[in-house]
Amino acid sequence: MIEDVNLSSSDLIYPIFIIEGSKNKEPIESMPGQYRYSIDQALELCNELILNKIKSIILFGIPKNKDETGKVSCSLKSIVPRAIKEIKNKFGDKLFVIADVCNCEYTKHGHCGTLVNNDVDNDTTLKTLSSQSLVLAKSGADALAPSDMMDGRVKAIREILDDNNFEKTPIFPYSVKYSSAFYGPFREAAKSSPTFGDRKTYQMNFKNSEEAINEVQLDINEGADVIIIKPALSYLDIIFKIKKRFNIPVIAYNVSGEYSMVKSASENNYISEMETILEILYSIKRSGANAIISYHALDVAKYLNHNEV
Ligand code: PBG
């Protein structure tokens, strides 16, 4: 009667990794229960998500060919734009489709931007991010989620969208993205580990909290519609602070490492899987997040459809 935090399937956003080909559903070794899907398989998965009352997905692409700058992503023939088109054709408004915007899945070196003298160059990268965003909007994406952490990208993306009649496509930047060991399994999933160096120059240091506030303020000024914060679990204080400070919806990303820890511990029967997942997701909601991107989403939605919690 007096519980004040609520979790439902419609709070959950399911991440999907898209690969080329057809009838491909490749298990991701570092994330038991997760797969890379060719478009036809992704359509089947989307159907299952809708049947289980999940209303939103976020897409990542793993192209066959990568290049130096990530320009493979800047074509309507690229893997994610094709997937979005088919998903929207088939399911229309039944699924809200968020497209992750970044270069790391498309560059040979695995960094999130274009390299100049072996270092990611912020302003050159903004150009590929903008063209990638326009292509994703044209393919029918309902929202764009830039995860690269370049300065000024929200403004650059907003401008190119507005200039091309996509004023209504919202931007959900990952405004707060800590440099984190919890992304490890994702990098295997997306085959996007940097071939040299790390991402510490453009992702945030977990010893800082004020910087998170500044990044959110900057992104709101540039036109952000919703803020994504990641990882979630070690950053509940940051989610809480940002919700207190700003009047904007927040999505928390319950990232790959957080998922795989629960999976491996429960496979060993060290913890009870669903009880642990629910406790985690409720804690993220309790901290103030409006929605959660989670690899557990489908399992939880199935559970919630059959059980009262
Ligand atoms: C970058 C991106 C990453 C994640 C989402 N978008 C990887 C990174 O920044 O290294 C990680 C998500 C996860 O760990 O589940 N495009």
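**Group meeting: a protein chain and its ligand**

The protein chain has ten helices and twelve strands; helices (H or I, at least four residues) and strands (E, at least two) are DSSP runs, numbered from the N terminus. This is a predicted model, where local features need pLDDT of at least 70 and side-chain atom pairs count only at pLDDT 80 or more, while totals for chains, interfaces and linings use all residues. Residues are numbered from 1 along each chain as its sequence is written, and side-chain values use heavy atoms, with hydrogens and water left out.

Overall dimensions next. Along the principal axes, the C-alpha atoms fill a box of roughly 55 × 45 × 40 Å. A compact globule of 309 residues would have a radius of gyration near 19 Å, and the 18 Å of this chain agrees with that. That radius is taken over C-alpha atoms, and the globule rule is 2.2 Å times the number of residues to the power 0.38.

Which atom of the ligand lies 2.6 Å from a polar side-chain atom of Y295? An oxygen atom. For E105, a polar side-chain atom is 3.0 Å from a nitrogen atom of the ligand, and S147 likewise places one 3.0 Å from a ligand nitrogen. A polar contact is a pair of N or O atoms within 3.5 Å.

Last, the backbone. The peptide bond from K230 to P231 is cis, with omega near -10°; P231 is found in the loop between β10 (227-230) and α7 (236-245). N118, in the loop between β6 (115-116) and β7 (119-120), has phi near 60°, a positive value in a residue other than glycine.

Definitions and conventions: A polar contact is a pair of N or O atoms within 3.5 Å; within protein, one must be able to donate a hydrogen and the other to accept it, and residues adjacent in sequence count only if both atoms are side-chain atoms.
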